[in-house]
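The sequence and the structure come first, and the description follows.

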Amino acid sequence: MKIFIPPIKSQGIKTKLVEWISSNVKDVEYDRWVEPFMGTGVVAFNIRPQRALLCDNNPHLIKFKFYKSLQNKEITSGIVRKFLETEGQKLLDSNGEYYYDVRNRFNETGNPLDFLFLSRSCFIAQALVTKITNQVENISQIIEQGDYEFKQQDFQRTLSELKNTDFVYADPPYIGRNVDYFDSWSEENELLLNKGLENSNSKFILSTWLSNKYRTNDYIFSIWKNCYVATKEHFYHLGGKESNRNAVYEALLSNIQLKDSISNSEMKLRIQNEKSLLTSSSKKHNRAKQMILNFDEKVLVI
Ligand SMILES: C[S@@+](CC[C@H](N)C(=O)[O-])C[C@H]1O[C@@H](n2cnc3c(N)ncnc32)[C@H](O)[C@@H]1O
């Protein structure tokens, strides 16, 4: 599957999960694809549904109109190329100082082209200009072909707009992990998300973390206990390698049975019986044995 990378980068981008998510939803029927946490939009832009509602509360992505500007052609790949070339030259001529001028200008005006410039680099080489321009062109075409609506709003608002014929892909900031998004993510938010999704009767997939080297995400078995759980265990089982030792394994939770999923209780049992290859139970440390020391007590003669 060829993956189209959006021109905007952001923390938590799911480029590596797109293929997995796509293979799990390809036979599912729905009217509209909804993402309350679209981030860069990489998932939707690669699933390429006919209709989509894509939301995020980060004003830089939507309020500052990046994707809307692509949609209404205020920004095109040609405009991006010209902009990056001229601004990149100014950056070079100023030995990088110009970056701060662009940043100040962006803070005042919220210009989406400045946002793109700042989010991609401090040094714009020609090869990068071409790469970004191509990314803008690809994503513009995808947006143009579909019936896509972009909204800057809180996830609760998006949940209130759901219909039972929607399919929701929810990718909130990961609960229980350090997050550095526009807003942080609390347990209360996770509960609200769960209730909102369940009450909507829409089909949904939620991305979350399954485990890291130290622990397993217990929310999967409490807040999300009604969901099926899909992991990439088979991939690692077949010899796939995770090169990053600090890897966080991902899970897809869903209210429908996915190609790769097992029931919540089955997953719990696998972990309890230490059959899961991707999870870790808290380590049992041997208590340090007290050393038995024999001191020869010397009798002090005063
Ligand atoms: C894990 S990222 C989504 C990444 C996205 N799937 C991608 O591949 O680029 C989570 C997103 O949730 C957004 N977010 C955080 N709190 C939110 C809230 N209360 N309502 C809506 N969006 C929120 C952040 O701005 C961030 O873009």
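## Strand 5 and its partners

Strand 4 (residues 166-170) and strand 5 are paired in the parallel sense over four bridges. Strands, here and below, are DSSP runs of E with at least two residues, while helices are DSSP runs of H or I with at least four residues; both are numbered from the N terminus. Two strands count as paired if DSSP finds at least two bridges between them. Within this pair, valine 168 has phenylalanine 204 in strand 5 as its bridge partner. Strand 5 is also joined to strand 7 (residues 249-254), by six bridges, and these two run antiparallel. There, the bridge partner of serine 211 is tyrosine 249 in strand 7.

Seven of the nine residues of strand 5 (residues 203-211) are buried, so this strand is largely enclosed by the rest of the structure. A residue is buried if 20 or more other C-beta atoms lie within 10 Å of its own, exposed if 12 or fewer do, and partly exposed in between, with C-beta atoms placed from the backbone.

## Basis of the model

This is a predicted model, in which local features need pLDDT of at least 70 and side-chain atom pairs count only at pLDDT 80 or more, while totals for chains, interfaces and linings use all residues. Residues are numbered from 1 along each chain as its sequence is written.

## Overall make-up

The protein has 11 helices and eight strands. Of its 302 residues, 33% are buried. Among contacts with a separation of 6 or more, 76% are between residues 24 or more positions apart; two residues are in contact if their C-beta atoms, placed from the backbone, lie within 7 Å.

Eight strands form an open sheet in the order 3-2-1-4-5-7-6-8, with mixed pairing. Its edge strands are strand 3 (147-152) and strand 8 (261-262), each of which pairs on one side only. Strands of a sheet pair through backbone hydrogen bonds, either parallel or antiparallel.

Strand 2 (residues 51-56) pairs with strand 3 in the parallel sense over six bridges, and cysteine 55 has lysine 151 in strand 3 as its bridge partner. Strand 1 (residues 32-35) is joined to strand 2 by three bridges, and the two run parallel. In that pair, valine 34 stands opposite leucine 53 in strand 2. Strand 2 is mostly covered, with five of its six residues buried.

Strand 6 runs antiparallel to strand 7, joined by four bridges, and antiparallel to strand 8, joined by two bridges. Tyrosine 228 has serine 254 in strand 7 as its bridge partner, whereas valine 229 stands opposite isoleucine 262 in strand 8. From strand 6 (residues 228-231), Tyr228 and Ala230 point one way and Val229 and Thr231 the other way, and all are buried.

## The nonpolar core

A nonpolar core is a set of buried Ala, Val, Leu, Ile, Met, Phe, Trp, Tyr and Cys residues joined through C-beta atoms within 7 Å. The largest one has 57 residues, and Leu54, Val168, Ala170, Val229 and Leu253 have the most contacts inside it. Helix 7 (residues 126-145) gives the most to this core, with five residues. Domain 1 (15-57 + 153-272) and domain 2 (69-144) both contribute residues, so the core lies between them; the domain bounds come from an automatic or database domain assignment.

Beyond its neighbours within four places in sequence, leucine 253 is in contact with Leu206, Thr208, Ile220, Trp224, Cys227 and Val229.

## Helix 6

The buried residues of helix 6 (residues 112-120) are Pro112, Asp114, Leu116 and Phe117. Their cover includes helix 3 (66-71), helix 4 (77-93) and helix 5 (98-109).

## An exposed loop residue

Asparagine 164 is in the loop between helix 8 (155-160) and strand 4. Asparagine 164 counts as exposed, with 10 C-beta neighbours inside 10 Å. Not counting residues up to four places away in sequence, asparagine 164 touches Ser200, Asn201 and Ser202. Asparagine 164 and arginine 32 are 132 residues apart in sequence and 9.9 Å apart in space, C-alpha to C-alpha.
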